[in-house]
Amino acid sequence: MPPTVAVVGGGISGLAACFHLLRAPRPPKVVLLEASGRFGGWLQSTRTPEGAVFEHGPRGVRPAGPAGAQTLLMVSELGLAGDVLAVPKGHPASQNRFLYLGGALHPLPSGLRPLFRAVPPFSRPLLGAVLRDLLTPAGTGPDESAHAFARRRFGPEVAELAVDSLCRGVFAGDSRALSVRSCFPALFQAERRRGSVLLGLALPLSHGVPAGVPTGVPTGEDQAGLARRARAERWSQWSLRGGMESLPRALVAFVSPRCELRCHAPLAHLCHRRGRWQLSLPDATISADHVVSAIPAAALARALPAEAEPLARELRAIPAASVAVVNLQYEGAALPVTGFGHLVPSSEDPALLGIVYDSVAFPEHDGTPATPGRPPLRLTVMLGGAWFQQSFGDPATVAPELLLRRARAAVSDHLGLAGTPTHAIVRVQQDCIPQYTLGHWERLERIQRFLKEQQLPLSLIGASYSGVSVNDCIASAEAAVGRILGSPH
């Protein structure tokens, strides 16, 4: 009999793990357990009768790098290539991003002009920040907050405006708490390699594979046609015609005939006895030879037995931020600027992370105008993050009306859109983005050491560990499956 692999968590990581397990020459028996009533995790899309698509989680995927190519290969193999909506690098959504500061929108600097002239929101030319990075000695500590790293290398203004906002946009997190080594490994490694972030990024190593990049991805002639297209057409991001949830739906359709899928099956307890796992569910117990955990670190910690307390302690130390995602659609409205969207530094408004101008990147998701000649405009307002509790209280009990009022006020104040939206959807995504705080890399090392010493057939994948993007999650699943099947990636 083939061994049994239980995959816990039916988000994109767990589904990707099933996909790769089932495509093995001699696939194991696979059981996928999902606590909620649906598969797909944070990939959630709503489609209106008029054809508008609203994303309540990730709204686009970057095609760059080996992990980006691997995701596009999966998309092709699932038959979704014809549904891809691509945004090229020359598009306004790729080129234009803004900061909201001092009651005004400011384009993020690009080109040479900001090097030699002060361009708001920066009070002095950025040449000083460049020279500071080139002249500052490399740090020697094993880790540093993203804010401290940026301040040391580029000065306080870059840290407090650009890096603060970047951490809020990517992680919904506080740059003063997040680890530069774990959140922005390319910047950390660039400094260690060349003594300067800018030189390290401009002069990468000419040999070997950078740490953390999955190998075993398609290259050369084996690479997916989509990945070749993405390079040739210089995509900056892509989505799917039916919304990002089309990807997990296609994965479910692929794996369902070949594996056992269970919804409403939360893992209550995990126990390893005589070489096999016992997984306790509310209504059953399942035995497995190997467990792939694709649930948040804290959820796994709650299910572990007492003898695994050292592991549970490390997992509980990986927090997560909650984000309120407010989707709005206006009829016949026009933006004062065009671009991907704008971020808000925490010094300006801690509660408001930013606003995405969805219609600019993906007008195909706008749907049919309710009134001819008055095209719809879709926006997404992101609220809370690391500041959720202090701004709105408990994410589990906050009133959606409060969040909607806050989002509409931001759209009115920042973009001048004071009308009533034709559609409004509020979703509070509780604990949706793991926070890689200082020392995260050491936690991961201790976790792996415990699993190895105890010889536990347990694989940890997903956003809690080594990257929060869709590509990162899929890459972590594929790498884990490679190790399970005996062909390490």
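Mentor: Let's begin with the contacts of one residue, where contact means heavy atoms within 4.5 Å. Leaving out residues up to four places away in sequence, Tyr100 touches Leu105, His342, Leu343, Val344, Pro345, Glu348, Asp413 and His414. Tyr100 itself lies in strand S6 (residues 97-101). Helices (H or I, at least four residues) and strands (E, at least two) are DSSP runs, numbered from the N terminus.

Trainee: Before we go on, what kind of model is this, and how are residues and atoms handled?

Mentor: It is a predicted model, in which local features need pLDDT of at least 70 and side-chain atom pairs count only at pLDDT 80 or more, while totals for chains, interfaces and linings use all residues. Residues are numbered from 1 along each chain as its sequence is written, and side-chain values use heavy atoms, with hydrogens and water left out.

Trainee: Thanks. Is Tyr100 buried or exposed?

Mentor: Buried means under 20% relative accessible area, exposed over 50%, and partly exposed in between (1.4 Å probe, protein chains only). Tyr100 has a relative accessible area of 9%, so it is buried. Tyr100 also shows how sequence and space can part ways: Gly354 is 254 residues apart from it in sequence, yet 8.4 Å apart in space, C-alpha to C-alpha.

Trainee: Where is Leu417 found, and which residues does it touch?

Mentor: Leu417 is in the loop between helix H17 (400-415) and strand S18 (423-434). With a relative accessible area of 8%, Leu417 is buried. Not counting residues up to four places away in sequence, it touches Tyr330, Ala333, Ala334, Leu377, Leu379, Val411 and Ser412. From Leu417 to Tyr330 the separation is 87 residues in sequence and 8.4 Å in space, C-alpha to C-alpha.

Trainee: Now to helix pairs. How should I read those?

Mentor: Two packed helices are described by the angle between their axes and the distance between the axes. Here the axes are lines fitted to C-alpha atoms, for helices over the stretch in contact, and angles run from 0 to 180 degrees between N-to-C directions. Angles under 35 degrees count as roughly parallel, over 145 as roughly antiparallel, 65 to 115 as roughly perpendicular and the rest as oblique.

Trainee: At what angle do the axes of H14 and H18 cross?

Mentor: The axes of helix H14 (residues 309-316) and helix H18 (residues 440-453) cross at roughly 155° and come within 10 Å. H14 and H18 are therefore roughly antiparallel to each other. On the H14 side, Pro310, Leu311, Glu314 and Leu315 meet Arg443, Arg446, Ile447, Phe450 and Leu451 of H18. By class, this contact has six nonpolar, no polar and three charged residues. For the classes, Ala, Val, Leu, Ile, Met, Phe, Trp, Tyr, Cys and Pro count as nonpolar, Asp, Glu, Lys and Arg as charged, and the others, Gly among them, as polar.

Trainee: How do H2 and H11 cross?

Mentor: Helix H2 and helix H11 (residues 225-232) have axes that come within 7 Å and cross at roughly 130°. That makes H2 oblique to H11. Ala69, Leu72, Val75 and Ser76 in H2 meet Leu226, Ala227 and Ala230 in H11. The contact of H2 with H11 has six nonpolar, one polar and no charged residues.

Trainee: And sheets: in what order do the five strands of the open sheet come?

Mentor: Two strands pair if DSSP finds at least two bridges between them. The five strands run in the order S9-S2-S1-S13-S19, with parallel pairing. Strand S9 (260-262) and strand S19 (458-460) are the edge strands, each pairing on one side only. The twist averages 15° from one strand to the next. Strand S1 (residues 4-8) and strand S13 (residues 290-293) pair in the parallel sense over four bridges, and Val5 stands opposite His290 in S13. Helix H1 (residues 12-22) packs on this sheet, touching S1, strand S2 (29-33) and S13; the direction of H1 makes about 170° with that of S2.

Trainee: How many residues of H1 are buried?

Mentor: Eleven of its eleven residues are buried, so to speak a mostly covered helix. What covers the buried residues of H1 includes S1, S2, helix H2 (65-77), helix H12 (246-255), S13 and helix H19 (470-484).
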